[in-house]
Amino acid sequence: MRIRAALAVTAAVAGAFAAVAATPAQAATEYSSALKVKGVQYDAPGRDSNSCSTGNTRDEYLTIKNYSSSATVNLKGYVVKDAVGTTFTFPSNHYLQPGDYIKLRGGHGTDSDANNVVYRQNCNFLWNNDKDTFNLYKPSGARADVHAYSASANDRDGNGYITYHG
């Protein structure tokens with residue numbers, strides 16, 4: 001009787017260790033991409049105005065960084081999508097060297113690898129000021145990164161910017 005009980009406890013403990021060991025591997029697959037979101041300026045400074053001539057949508061941006069130590073990544077075909085399905089697809093080649101980043105800004109402007117900027121060519125705000133979720137998808141459709149935020153929980157200093165992945 002005691003031997004069976006000891007075997008049952010040993011099996012239960014081994015199963016618990018297996019479940020714990022499986023958890024980090026599953027979490028790591030979510031961020032298997034070299035490209036990740038470094039931060040988001042979800043609330044442009046000042047009063048929100050989506051006027052193309054005098055608005056501040058270009059002050060709202062998503063910073064995407066290449067966290068690889070050796071691979072250059074082309075952003076062409078990557079997709080950024082918010083909680084309600086508003087999307088932006090990188091239409092052109094933009095090569096990010098290891099450790100390099102690019103800011104995806106609202107508004108109109110000239111894309112520049114030298115200045116690390118791509119414009120959405122749209123004067124509407126993409127992120128909500130209170131809470132939102134954004135996804136970064138690879139050209140294959142696989143998720144590269146995802147984050148949800150709320151101003152009250154994630155923006156402790158109230159500056160409208162949240163940092164991810166350091």
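Among contacts in the protein chain between residues at least 6 apart in sequence, what percentage join residues at least 24 apart?

Reply: The model is a predicted one, in which local features need pLDDT of at least 70 and side-chain atom pairs count only at pLDDT 80 or more, while totals for chains, interfaces and linings use all residues. Residues are numbered from 1 along each chain as its sequence is written, and side-chain values use heavy atoms, with hydrogens and water left out.

To take your question first, 57% of the contacts between residues at least 6 apart in sequence join residues at least 24 apart, where contact means heavy atoms within 4.5 Å. The protein chain contains two helices and eleven strands, which are DSSP runs numbered from the N terminus, a helix (H or I) having at least four residues and a strand (E) at least two. Along the sequence their order is α-β-β-β-β-β-β-β-β-β-β-α-β. Of the 166 residues of the chain, 35% count as buried; buried stands for under 20% relative accessible area, exposed for over 50%, and partly exposed for what lies in between, with a 1.4 Å probe and protein chains only. The chain exposes about 9,300 Å², of which carbon and sulfur atoms supply 53%, the areas coming from the Shrake-Rupley method with a 1.4 Å probe and, for residues, with only the protein chains shown as cover.

Now to the rings. A pair of aromatic rings is described by the distance of the centres and the angle of the planes. Here the rings of Phe, Tyr and Trp (its six-membered ring) pair if their centres lie within 6.5 Å, and a pair is stacked when the planes are under 30 degrees apart, edge-to-face when they are over 60, and tilted otherwise. The structure holds six such pairs. In one of them, the centres of the Tyr 42 and Tyr 149 rings are 4.7 Å apart and the planes meet at 35°, so this pair is tilted. The two partners come from distant parts of the chain, 107 residues apart, with Tyr 42 in the loop between S1 and S2 and Tyr 149 in strand S10. Tyr 42 and Tyr 149 are both buried. Another pair, Trp 127 with Phe 134, is edge-to-face, at 5.3 Å from centre to centre and with 65° between the planes. Trp 127 and Phe 134 are buried as well.

In soluble globular proteins, nonpolar side chains tend to be buried together. A nonpolar core is taken here as a set of buried Ala, Val, Leu, Ile, Met, Phe, Trp, Tyr and Cys residues joined through side-chain atoms within 4.5 Å. The largest one has 24 residues, and those with the most contacts inside it are Leu 62, Phe 90 and Trp 127. At least two residues of this core are supplied by each of S1, S2, strand S7 (101-105), S9 and strand S10 (143-150), and S1 gives the most, with three residues. Leaving aside residues up to four places away in sequence, Phe 90 touches Ile 64, Leu 75, Lys 76, Gly 77, Tyr 78, Val 80, Leu 104 and Val 118.

Away from the ring pairs, the charged end of Lys 36 sits over the ring of Tyr 67, 5.7 Å from its centre; a charge sits over a ring if NZ of Lys or CZ of Arg is within 6 Å of the ring centre and within 35 degrees of the ring normal.

A search of the whole structure finds one disulfide, that is, a pair of cysteine sulfur atoms within 2.5 Å. The disulfide joins Cys 52 to Cys 123, with 2.1 Å from S to S. Cys 52 lies in the loop between strand S1 (35-41) and strand S2 (61-66), whereas Cys 123 lies 71 residues away in the loop between strand S8 (117-119) and strand S9 (131-137). Cys 52 counts as exposed because its relative accessibility is 54%, while Cys 123, at 7%, counts as buried.
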